[in-house]
Amino acid sequence: MEYLNKADLICDTIDNGIILLNEHLEVLFWNKWLETRTNITFNQIINQKITTVYPDINEAKLKRKIKATLTLNSPTFYTTELNESFFNIEFKNKITHRVFKNMQQNVTLNPYDIENKIVIVYVYDSTILKETNFKLSRAKEKIENEHKNTLVIKQQLENSVEEFELLLNATMEAIVLFDEEYKCTNINDVGVNLFNLSSKSKALGLDILEFFEDKNLNYKKLENTFEASMITSCDNTFPALIKIKNAKLNKKKIRILTVVDLTELKYRDKLISEQAKLVAMGEMIGNIAHQWRQPLSAISTAASGLKLQKEFHLLTDELLDESLDGIVRSSMHLSQTINDFRDFIQGDKEMMVFDLEENLKKDLSIVEGMLKNYDIQVFLECEKKIELHNYKNELTQAILNIIDNSKDALLEKNVKDKYIFIHTYEFLNEAVIEIHDNAKGIPEDIVNKIFEPYFTTKHKSQGTGLGLYMTHQIIEKSMGGAISVSNIAFEHNKHQFKGACFKITLPL
Amino acid sequence: MKILVADDSKMARRMIIKILEDCQEIGHEIIQAQNGQETIDLYKEHAPTLVFLDLTMPVMDGFTALKLIRQHDSNAKVVVVSADIQQGSMSQVREDGAMDFVKKPISEAKMQQILEKIK
Amino acid sequence: MENSAILNEDQQDCLQELINIAYGSGTAAISEILDAFATLSIPRINIIETRYLQDYLQSQVKVGMPQFLATQLINGKFSSENLFIIDQNSAENLARAFGLEETEIQDVNELSDVILEITNILSSSTISKFAQEMSIEVSFSPPHVKLLNSIEEMDSTFIDKYHQVIIISTILQFENQNIRGELLILTTDDTIEFIKKLLDKILDEL
């Protein structure tokens, strides 16, 4: 194999360094590759100890490795870590992407001549490999850090979501979120319970109208809070306080529906109303008792008178007729009172058309006795004939209550000449009833509170505080009208008076 | 000639026996011992001409067995055959009276050399 | 750990003897290179399936202490991978035996180099001798070393490549110190088959 005779050609053209060293570290061969990279020629280094030219080489280590190679008759290695080379070859040419200043090397020692204790050293330039590894490990570190950051952010996000869910479910109200198209995107736990859903997911995608009983509700126009009837998945309805708020989240339009269940409140309202009614009834019975005293007394007087007259043979046909008429009149009066009371107890099942003036006159006749007893003068002025389509007995209850309050005030303030004025007129397509007295008015600090339930200035045994509240509820909620109170000053019979004025407006 | 081969490894013993066969040294009586104790006992029983002794054996190691054999018979011819070829071991066994120290596996040439010495 | 499932008694015996002989060379080499300080104990051979390897190592090494793990590929008919595991304390003691200064011992690079050398010495001496006895050629790739904080960090990708591992454990003894290192030779099923055939051949000749 004569082509292997050109071993020197192989040594000169091979792309790594070849050194022959003996056990004393003397260089016996130095190839071209090394010449070009170290700028040290073969002649310069031959037979020199390698450490004279490269004093940084760890002598003890090199000697040990040479010994190992020769003893084992097997290769030994230098694998260099970052920035450590077997011997220092600085890069003079490479400019771009440089990570290392000097050449990174992998070195292998093989036994060459065991008897003469010579080893052959191969030097490989592993710079590029090391650079790549270095860059890779840096990239890896960067990714790991980013991953850590991502995990932190993810955790924060999860915490935020958790917080959000907690808040959403901590409220008393049902909160339902809708997208632009009014399709449900989220609902809180309260909502799930309130609408009787088996799970949150059942609500997703539902149209907003599915939650309302009235499918024709024009919710788009309603910005403020309003009352509506809601419907659950079991087709049960309940009254609720509603607010629909439009908002923008992440550049998308969302709708937030809050639902407050009014069932309980309405129930309590009903209880209060019933309670008040009982109280009103009680009052009315009191009034009737009052009413009946006079006619009963009249009947009794007439009957005893007739008897006496007959006994004394003074009874004439004329006298008999007169007394009988009186008795009949009184009986009718009694009967009428019963009718009124019965009407009142039964309540209004439906709205009716009635004349306002007639209603007011009837109301006054119910309390006629009481008014006379306390010496209260009532003036009724109706500007024109007004017909209402409403609940007439409820109006009665309200009017009676106001009169009752005025009476209490007049008595309490010890007003000498007690007056109550009732004035009705039409204004802006509404019926207006103004009732004012001269009981010196309501103190400024409580004038706003008198319509509140359980608010009373009277002693417990005398007032429940429900009267005016019920009046307010009746006028505003039931009859669709409005009631307000204010203090006024007025003149009557050339005297100045101060009093409270209740103004009721009702639709026509 | 009686030859005592002492080694805990069956394979090792067979290798020595094979080499003996390769050297055409047949007709010998081969006695085999598996540990140091057995080696002593068998030596006393059979009084072999030559002993091949391994150093690392259980119960009693080769070093101790060597000493005891030499104590028992100062003319005993013991060749230590061992994988353990450290300087220290080599000088130790020579001191204790081994005839030779041979590295395993014993070669044919070496075996011939030993057999020559005995004759 | 069923050795018998892989090698029969005769084969085991033969392998043990061959390894003993090979290790004898190793001891001699270490003595000479380190100036006659160290001894290698009789190697113990265990053959286990690679999936039990991590558990086995956990039981053998000083748990909790960082471990140096050196690997070296062996090429040729006996294709395999050498693993040498040594705990940090032992490594430092070993470095002192190598004659390193205290400052050098604190340098993990220097320590790694010591481990590499020991690994190289051990595997060269044992595997070369072993190969010689079996009349096969082997060549060695440069070894690599890593410092692991625990065995768990050991990359187990090679476990898929090798099914059996022959564990030859030896204790490197140093004057009064115990420098404990374990040499493992991972072989593919092919290599084990190959070894079996060679062992049988040797057994036949005996």
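Reply: We begin with contact: two residues are in contact if their C-beta atoms, placed from the backbone, lie within 7 Å. The model before us is predicted. In chain A, the buried residues of α8(A) pack against α9 (317-346), α10 (356-366), α11 (368-374), α12 (392-412) and α13 (467-478).

Me: Which residues of α8(A) are the buried ones?

Reply: A residue is buried if 20 or more other C-beta atoms lie within 10 Å of its own. In α8(A) this holds for A:Ala276, A:Ala280, A:Met284, A:Asn287, A:Gln291, A:Pro295 and A:Ile299. For the spacing, the general idea is that an α-helix has 3.6 residues a turn, so residues three or four places apart point the same way.

Me: Where does α8(A) have a kink?

Reply: A bend at a residue is the angle between axes fitted to the seven residues ending there and the seven starting there. In α8(A) a kink of about 25° is found at A:Arg293, shortly before the proline A:Pro295. That proline is also one of the buried residues of the helix. After α8(A) comes A:His313, which has a positive phi, near 50°.

Me: How should I read the packing of two helices, for instance α4 and α6 of chain C: at what angle do they pack?

Reply: One takes the angle between the axes, and values of 65 to 115 degrees count as roughly perpendicular. Helix α4 (residues 88-97) and helix α6 (residues 108-133) of chain C pack at about 80°, and their axes are 9 Å apart. The two helices α4(C) and α6(C) are therefore roughly perpendicular to each other. On the side of α4(C), the contact is made by C:Ala91, C:Glu92, C:Leu94 and C:Ala95. On the side of α6(C), C:Glu110, C:Leu111, C:Val114, C:Ile115 and C:Ile118 take part. By class, the residues of this contact of α4(C) with α6(C) are seven nonpolar, no polar and two charged.

Me: What does one look for where two chains meet, and how many residues do chain A and chain C each give to their contact?

Reply: One counts the residues on either side, then asks which elements supply them. Chain A contributes 15 residues and chain C contributes 16 residues. On the side of chain A that touches chain C, α5 (59-72), β3 (76-79) and β4 (105-113) of chain A each supply at least two residues. The largest share of that side, six residues, comes from α5(A). Its composition is five nonpolar, six polar and four charged residues.

Me: Which helix of chain C gives the most to the side that touches chain B?

Reply: The contact itself joins 15 residues of chain C to 17 residues of chain B. Helix α2 (residues 9-33) of chain C gives the most to the side of chain C that touches chain B, with eleven residues. The residues of that side divide into seven nonpolar, six polar and two charged.

Me: How is a whole chain summarised, and what pattern does chain B follow along the sequence?

Reply: One lists the elements and the buried fraction.
- Chain A has 13 helices and 17 strands, and 25% of its 508 residues count as buried.
- Chain B has five helices and five strands, in the pattern β-α-β-α-β-α-β-α-β-α; of its 119 residues, 38% count as buried.
- Chain C has eight helices and eight strands, with 47% of its 206 residues counted as buried.

Key:
Residues are numbered from 1 along each chain as its sequence is written. Chains are lettered from A and ligands numbered from 1 in the order in which they are written. This is a predicted model: local features need pLDDT of at least 70, side-chain atom pairs count only at pLDDT 80 or more; totals for chains, interfaces and linings use all residues. Axes are lines fitted to C-alpha atoms, for helices over the stretch in contact, and angles run from 0 to 180 degrees between N-to-C directions. Helices (H or I, at least four residues) and strands (E, at least two) are DSSP runs, numbered from the N terminus. Angles under 35 degrees count as roughly parallel, over 145 as roughly antiparallel, 65 to 115 as roughly perpendicular and the rest as oblique. Ala, Val, Leu, Ile, Met, Phe, Trp, Tyr, Cys and Pro count as nonpolar, Asp, Glu, Lys and Arg as charged, and the others, Gly among them, as polar. A residue is buried if 20 or more other C-beta atoms lie within 10 Å of its own, exposed if 12 or fewer, and partly exposed in between; C-beta atoms are placed from the backbone.
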